[in-house]
Amino acid sequence: MSGPAATEAAPAVERWTPLSRISVVAAVAIIAALAFGPLVLNPDWVDKLTTLFIYVILAVMWNALAGYGGLVSIGQPAFFGLGAYAAVRLADAGVNVYLSLVAAALLVGLAARPISAFMLRLKAGEFAIGMWVVAELAHLLVNLDGLVQGETGTSLIAMTAYGAESRRAAVYWLALAAMAVLVGVVFVLLRSRTGAAIQAIRDDEDAAAAVGVRVLATKRLIFILAAAGTAMAGALWLATAISFQPKTYFGVQWTAYMIFMVLVGGLGTFEGPLLGAVIFFTIEAWFGGSGVWYLVGLGATALLFSLFLPRGIWGAVESRFPLRLLPVGYRLRGAPKSL
Amino acid sequence: MIWVNQIVQGVLLGGYYALIACGLSFMFGVMRLINLAHGSIAVMAAFALWMLSGRFQISPFAGLAVVLPLLAALGWVLQRAVLERSARGGALVPILSTFGLAIMIDNLLFQQFGADTRSLAPYLDTLSYDSWTITDDIYVGKLAAMIFAAAVVLLGGLQLFLSNTQLGRSIRATAADADTVGLIGINARRVNAAAAAIAMVTAGVAGAFLAMRATFNPYAGPLQLIFAFEAAVIGGAGSLWGTLGGGILLGVAQSVGAQINPQGFLIAGHLAFFLALFSRLYAGKAGIGRLPQRLRRLFA
């Protein structure tokens, strides 16, 4: 390992590979192409893709929280529901309905700050169920609002002021933009100094703290980002469904979906949740009609993946091939083989 | 007087919460993991008893003789097949695997039994509504009193078992240090499986009483898990008796909340949970996370 041979082929730290450059360009191109969706696709597919974008947001946000922050939350539907609720409230107060969708997500992100101060003091399983209680409490409190009328619910009436066609296209574009922005934010964040801290916390929280990573502040950042992103997904879901029945938004089935997408795709990998969302979207199209068995299957898949393939499909691919499509880490090129 | 009655009812309700919570915190104390399927398994036991009563005319109490051994076996298998493997994957994997399991159980129950709300009350004769009248406003239901007594007996029995039997001592030793116990000839895997079996039996007892005193449906499990968790955290879970205290506080908060507002039952319970949690966090003591140390100190 010493001598001229080593200096000749000095190991270089690299982030980009030709393949990853191509895939980032491809990702941007796909998003640009998707922007033409409502102009060329039939309405059915526009709706379906809108749903897919929402799933991608949910998966990427849950993965940021659990895969990178090490914070497994059963209670993310709290933010999904609050996002929809805030949008209903804002629209009811006369705010432009599209603006209220985005503002709702920001408001929920703001509300997540004080929640984080309490919840982040809990560890592992306690945090997971503690967040579940947060979701239950948020659900019950929203039910008390006269506007919502308990489980009867209400709807985003302001939305009906727009024609079905323009509404469909607008919500599609908004969902696409939200997805692109949120995935982009996570990508940039993970590549930054904070990203190094986040990944250090993921790998070993105590060791990260020992080398000077501000663990709590970093976790808080992810928690708030995940809350705002999940709220955005909830507001978008409301925009496609129009009706707001608290039960369907605060329900724990959303957690099952998020866990399924992230576990199957690849917990703690950047590409994994994107893959997981597409898989979930496909499976739902095929088996969603089979009702209860479909949910049994989701639960069983989550159980099996957590036991036998905890880093999901993408994690398994990454460990076998040096494949980094959207690089958030570094790799060593030309390093001595016998390291 | 109406308030006194609400508090009395809350205290009695706390007995049920202590029953459902003790298995959860026991398992956390020994294996350091929270079983998210705990509530769903209790509801599964309730359905098993309901089926035995409805189809084979076996009284729910006799049915326990059939169901509890099955639950012990289930706990053993659960530990060997799922929890042990999960725990090796780190602190997060058990949450994911047991959540997946809970979703599976809930939906399989729905598939098998449908959405109808059930109760074991019809199979209990007059026990389900008999009560002692203390004053004009205060009634003590015989079933509620029985559940409370069962909670005290079960918690006391568990405590005696932990401090006076060979297996109990092995469980405490394993909770303290699972690696070291191997050196003194304790098989930690078997001890953990036994602890999981015990926890599932307590979940079964809780499920039976849930089904007797109230109604249940296939999706009732998650809420029971939340109640169990809240009672364990409020009680500080420093000891099994702390769990009883936590259950009572939760029950009282809920029944007082219900008196204030029809929606207040659950809200007041959740608020009591957060209040207890944060007062403890800011007082510098963790919630159920402190159990192992306390378990050691308590039984030392």
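Reader: Which residues in α5(B) meet residues in α7(B)?

Author: From α5(B), Leu143(B), Met146(B), Ile147(B), Ala150(B), Leu154(B), Leu158(B) and Phe161(B) meet Ile198(B), Thr202(B), Phe209(B), Met212(B) and Arg213(B) of α7(B). Contact means heavy atoms within 4.5 Å. This is a predicted model, where local features need pLDDT of at least 70 and side-chain atom pairs count only at pLDDT 80 or more, while totals for chains, interfaces and linings use all residues. Residues are numbered from 1 along each chain as its sequence is written, and chains are lettered from A in the order in which they are written.

Reader: At what angle do those two helices pack?

Author: Helix α5 (residues 142-164) and helix α7 (residues 188-213) of chain B pack at about 175 degrees, with axes 11 Å apart. That makes α5(B) roughly antiparallel to α7(B) (angles over 145 degrees count as such). Helices here are DSSP runs of H or I, at least four residues, and axes are lines fitted to C-alpha atoms over the stretch in contact, with angles running from 0 to 180 degrees between N-to-C directions.

Reader: New topic. How much do chain A and chain B bury between them?

Author: About 3700 Å², with 84% of it on carbon and sulfur atoms. Buried area is the accessible area (1.4 Å probe) that two parts lose on being put together, summed over both.

Reader: How many residues does each chain give to the contact?

Author: Chain A gives 41 residues and chain B gives 41 residues.

Reader: And how many salt bridges?

Author: The count between chain A and chain B is 0 (a salt bridge is a side-chain nitrogen of Lys or Arg within 4 Å of a carboxyl oxygen of Asp or Glu).

Terms used
Side-chain values use heavy atoms; hydrogens and water are left out. Angles under 35 degrees count as roughly parallel, over 145 as roughly antiparallel, 65 to 115 as roughly perpendicular and the rest as oblique.
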